[in-house]
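Have the model open as you read.

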Amino acid sequence: MPVPKKTRSRKPKRSSSSPASSLLAAGKSRRSMSSEAAGVVRHTHEPSQPFFLLHHPRNWRIASEGLEGPMVVPDLQRLPLQPGVNGIRTRQPHEPESATYQRAIEDLARAGFTVLMPDEPIPDDCLPEGIADEGYLREYLCRGPISQRNGSHYVEVWDVPQPVYPGETQRYKFDRAAANRWLVHLVESGRIEAPTAEVRDQLASRLGRRVERAKSSPVPADLRAERVAVQVARINEAEAAALPVEAVA
């Protein structure tokens, strides 16, 4: 399994007059782990662990934002790279970074998971505005408001930092439209196996059970009718959802 390599840092295109762009520039791709220059912005946020994104063949959901219409897309989950948890171990002296997670990845593969590596390239049209040529894992230097520890905070590249007051915990806005396009790309590129019509039927059936629960919920009639209508609309969306397919080379 290849190890995410240290490469020359790539700065996203940005306007120097925008506070949001300045915050974005403080981050970096997981592929560029070089030392930081003095004066770099530190987000007010507790340090966190990097992570991998995973997909299991039974995990799908319906998405429409950023797409031409509702589609069945992979429902991903995270594997935090925290030593002592989920098969991740502490790195020993002179070991490559991959030694800490290699066994965990092998176990996940045997269980049917697809493990997406952080340095896998993402098409620019699947990234937030102002970011290009990056993987899905983005690192921001931070200082914990409670622990007062300096460190790194890891988020998905679609978590775009928002302007906050000095000392306020950093907030992020998720670019769901771009992220949904990437989920479709994972299937069209063959990285994740395409879903079947049965997957779509199972999603609609699951939503149908929610309708029954909404109908029997002990709430005022007008609120119950509203909840039922929401769930029925979701069923209709699921039944009409397109299935992404691997593109022909």
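## What covers helix α3

β3 (51–55), β4 (60–63), β5 (71–74), β7 (114–116) and β11 (171–174) are among the elements that cover the buried residues of α3, with contact meaning heavy atoms within 4.5 Å. Helices (H or I, at least four residues) and strands (E, at least two) are DSSP runs, numbered from the N terminus. The model is predicted, so local features need pLDDT of at least 70 and side-chain atom pairs pLDDT 80 or more, while totals for chains, interfaces and linings use all residues. Residues are numbered from 1 along each chain as its sequence is written, and side-chain values use heavy atoms, leaving out hydrogens and water.

Which residues of α3 are buried? They are Ala-177, Ala-178, Ala-179, Asn-180, Trp-182, Leu-183, Val-184, Leu-186 and Val-187. Buried here is under 20% relative accessible area, exposed is over 50%, and partly exposed is in between (1.4 Å probe, protein chains only).

## Length and end of α3

Helix α3 runs over residues 176–188, and its 13 residues should span 18 Å, taking 1.5 Å times one less than the number of residues. The end C-alpha atoms are 18 Å apart, which agrees. Just after α3 comes Gly-190, with a positive phi of about 85°.

Most residues other than glycine have a negative phi. His-94 sits in the loop between β6 (77–80) and α2 (102–110) and is exposed, at 84% relative accessible area.

Gln-148 also has a positive phi, near 60°. Its loop links β8 (137–143) and β9 (150–156), and Gln-148 is partly exposed, at 43% relative accessible area.
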